[in-house]
Amino acid sequence: MPAPRLQLPTIQNWSCHNCGGCCRQHLIEITDDERQRIEGQNWTADDGVAGERPVVEWHAGPPWNKRYRLAHQSDGACVFLDERGLCRIHAKFGEDAKPLACRIYPYAFHPAGKEVTVSLRFSCPSVVANRGRALGENRAEIRRLAEAVVPEGATRAPAPAVSPRERLEWPDVLRMMRALDATLADPDVPVAVKLLRALFWIDLVAHARFETVRGDRLADFLSLITQAAAAEVPGLPGPERPSRVGRLYFRMHAAQYARKDTAADLAGGWRNRLRLLRAAVRFARGRGDVPRLQEGFRPVPFAALEEPFGRIPDEADEMLTRYFRVKLQGLHFCGPAYYGLPVVEGFHSLALMLPVFLWLARWRAAAEGRSQLASDDVAHAIAVADHHHGYSPALGQWPARRRVRTLARMGDLGRLVAWYAR
């Protein structure tokens with residue numbers, strides 16, 4: 001079946017630069033058909049594939065629920081990644097022989113009424129750096145991938161709820177998406193201010209009733225509240241320290257994004273679980289040194305990350321703005337793309353990514369003895385954190401959702417944005 005019409009985030013460029021990062025960062029789950037095809041290729045040590053089998057069997061839930069993923073080398077890299085950073089399957093059998101998950105990365109496809117919107121995963125460094133061809137030039141390739149991955153009936157999927165009690169049809173939900181994107185689009189306003197404005201008016205949406213506010217009336221309502229947000233938040237407010245509970249919840253949330261979950265990092269059985277438990281306790285206390293969770297984040301005092309680091313560099317501000325706009329345009333923050341969350345709750349989770357990024361960037365800078373952020377710090381933080389955003393099962397579970405809801409309800413979400421942008 002031909003893929004439906006695609007909506008691309010034209011502000012984004014991307015081409016693969018063969019860095020091999022995706023082959024080191026991700027556990028690649030494959031279908032049973034892909035397993036049979038790969039095992040039928042008869043890989044051996046002479047091909048550079050060490051170990052008994054290139055595919056690992058695992059179970060999710062009951063014993064009969066078999067699932068499969070590619071095996072990994074001792075350093076965490078995919079078993080098929082060669083010393084040049086290239087895929088052995090691709091080299092020997094062609095690109096179409098690779099698992100579908102490998103072929104579509106870093107693209108993501110989400111229903112948007114009569115269209116399918118395309119987003120990207122910023123765990124790819126080339127996406128963060130905006131390197132490569134404009135996505136419009138990749139349209140033929142993206143359409144071919146969409147035909148392979150977008151299920152039949154995607155354009156009949158219902159629109160995500162606006163809030164737990166309010167639903168709108170696709171045309172009005174997309175009006176809201178365009179209003180959010182417009183709030184983030186102004187190149188002359190810092191990204192933190194734009195997010196605070198969006199949080200201001202999305203919280204008005206959270207308490208609104210839309211029985212008779214549809215179509216043109218909704219457009220008028222959105223125009224009024226976005227103008228009110230610009231007047232209410234003319235610039236970055238004086239930093240107000242988040243509450244004690246807010247700081248605790250934020251540290252626990254940031255810790256989830258700072259983890260690494262390749263096969264090598266998840267190995268180790270009870271020893272690894274004990275290490276993570278000890279780290280969680282230290283994050284909860286927020287005293288002493290931040291425990292190291294992956295390479296590039298050496299232990300530094302928690303207190304050092306609460307000091308001002310100065311304004312966000314212009315290049316980093318552009319990266320962050322582009323990140324949020326791609327996620328908004330791609331609906332990569334709510335509905336089926338993000339744990340089934342309503343628009344308001346999903347946007348709260350998305351906005352929380354700014355302080356998460358800046359906290360991780362501060363950690364990297366402080367580990368190198370610097371008290372000012374560089375654009376590379378922010379780029380690295382985006383790639384690390386977006387690896388999990390929308391893909392870590394833990395972030396879709398009740399404890400993580402409760403943290404975000406509490407931060408929004410207490411007003412700490414906005415305080416965190418302003419606190420870490422200073």
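Biologist: Hi! Which helix gives the most to the lining of the second largest pocket?

Modeller: That would be helix 8, with five residues. Before we go on: this is a predicted model, where local features need pLDDT of at least 70 and side-chain atom pairs count only at pLDDT 80 or more, while totals for chains, interfaces and linings use all residues. Residues are numbered from 1 along each chain as its sequence is written, and side-chain values use heavy atoms, with hydrogens and water left out.

Biologist: Good to know. What counts as a pocket, and what as a helix?

Modeller: On a 1 Å grid over the protein atoms alone, a pocket is an open set of points with protein on both sides within 12 Å along at least five of seven lines, whereas a cavity is a set where a 1.4 Å probe fits but cannot get out; lining residues have an atom within 4 Å of a point. Helices are DSSP runs of H or I with at least four residues, strands are E runs of at least two, and both are numbered from the N terminus.

Biologist: What volume does the second largest pocket have?

Modeller: About 600 Å³, meaning the space filled by probe spheres set on the grid points, which are joined across faces, edges and corners.

Biologist: How does the lining split by class?

Modeller: There are 15 nonpolar, six polar and six charged residues. Here Ala, Val, Leu, Ile, Met, Phe, Trp, Tyr, Cys and Pro count as nonpolar, Asp, Glu, Lys and Arg as charged, and the others, Gly among them, as polar.

Biologist: Changing topic: how many salt bridges are there?

Modeller: The count comes to 23, taking a side-chain nitrogen of Lys or Arg within 4 Å of a carboxyl oxygen of Asp or Glu. One of them pairs Arg-5 with Glu-115 at 2.9 Å, N to O. Arg-5 is in strand 1 (residues 5-7) and Glu-115 in strand 6 (residues 115-120), so this pair ties together parts that are 110 residues apart in sequence.

Biologist: Is Arg-5 buried or exposed? And Glu-115?

Modeller: Arg-5 counts as exposed at 51% relative accessibility, while Glu-115 counts as buried at 18%. The cut-offs are under 20% relative accessible area for buried, over 50% for exposed, and partly exposed in between, with a 1.4 Å probe and protein chains only.

Biologist: OK, what does His-332 touch?

Modeller: Ala-108, His-110, Ser-119, Leu-120, Arg-121, Lys-327, Ala-337 and Tyr-391, leaving aside residues up to four places away in sequence. Contact means heavy atoms within 4.5 Å. His-332 is found in the loop between helix 13 (314-329) and helix 14 (343-351), and it is buried, with a relative accessible area of 2%.

Biologist: Which side chain does His-332 reach by a polar contact?

Modeller: The side chain of Tyr-391, at 3.2 Å. A polar contact is a pair of N or O atoms within 3.5 Å; within protein, one must be able to donate a hydrogen and the other to accept it, and residues adjacent in sequence count only if both atoms are side-chain atoms.

Biologist: What polar contacts does the side chain of Asp-181 make?

Modeller: One joins the side chains of Asp-181 and Arg-325 at 2.8 Å, and another goes to the side chain of Gln-329 at 3.3 Å. Asp-181 is found in helix 7 (residues 170-185) and is buried, at 13%.

Biologist: Last one: where is there a cis peptide bond?

Modeller: Between Tyr-105 and Pro-106, with omega about 10°. Pro-106 is in the loop between helix 4 (100-104) and strand 5 (107-112). Most peptide bonds are trans.
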